[in-house]
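Please open the model in the viewer and keep the selection panel at hand.

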Amino acid sequence: MDRTELIRLALEAREMAYVPYSHYMVGAALLTKAGKVYKGCNIENASYTPTNCAERTAFFKAVSEGEREFAAIAIVGGYAGAPKDYAYPCGVCRQVMMEFCDPKEFRVITAVSEEEYLDKTLEEMLPHGFGPSSL
Ligand code: THU
């Protein structure tokens, strides 16, 4: 699974975004160390607070299927049409990544397209994070 394909799957996931309130569509594709991909989209709610981000949808789908080891996540977002800018993961999603991923190894790929992307470690995205090894 290369980075281009993971971004393509994130773009595919974004098509499923349920966003009647913000209209901001986010897609994520989470790659396990074994090479399996779990896709996620954001799912909004009339009560706002229960809204789930695309990244957490992907993580919770994977973890609930027994996955525990992750290599990378690709994230795309924006209003209808092709993404125009990077959609960085929110703080809550970064913290969920911190729970399951090695911050020095796990790659967070934020993309505008298959050709335009940033590829960073979780540690770069969440410096001095608090995770399982802190306890
Ligand atoms: N959103 C995500 O899906 N991921 C993020 O990391 C940031 C925000 C969603 C939540 C909400 O549905 C919309 O984007 C606007 O905040």
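How far is an oxygen atom of the ligand from an N or O atom in the side chain of Asn-42? Select the ligand together with Asn-42: in this predicted model, the separation is 2.9 Å. The protein covers 77% of the 370 Å² of accessible area that the ligand has on its own.

A polar backbone atom of Ala-54 lies 3.0 Å from an oxygen atom of the ligand, and for a polar backbone atom of Cys-90 the corresponding distance is 2.8 Å.

Now display the whole shell. The residues around the ligand include Ser-22, Tyr-24, Val-26, Glu-44, Thr-51, Cys-53, Glu-55, Tyr-88 and Pro-89. By class, the shell comprises 7 nonpolar, 3 polar and 2 charged residues.

From Cys-90, move to the cysteines. A search of the whole structure returns 0 disulfides. Cys-93 is in no disulfide, and its nearest cysteine sulfur, that of Cys-90, is 3.8 Å away. Cys-93 is buried, at a relative accessible area of 1%.

Finally, select residues 107–111, strand β4, and residues 117–121, strand β5. These two strands run antiparallel and are joined by 5 bridges. A hairpin of 5 residues connects β4 to β5.

How values were computed:
Residues numbered from 1 in each chain as written. Predicted model: local features only at pLDDT ≥ 70, side-chain atom pairs only at ≥ 80, totals over all residues. Heavy atoms only, no water. Near = heavy atom within 4 Å. Polar contact = N/O pair within 3.5 Å; in protein donor to acceptor, adjacent residues only side chain to side chain. Areas by Shrake-Rupley, 256 points an atom, 1.4 Å probe, with all protein chains shown as cover. Nonpolar A, V, L, I, M, F, W, Y, C, P; charged D, E, K, R; others polar. Pairing = 2+ DSSP bridges. Helix = DSSP H or I, 4+ residues; strand = E, 2+ residues; numbered from the N terminus. Disulfide = S-S within 2.5 Å. Buried < 20%, exposed > 50% of the residue type's maximum accessible area, 1.4 Å probe, protein only.
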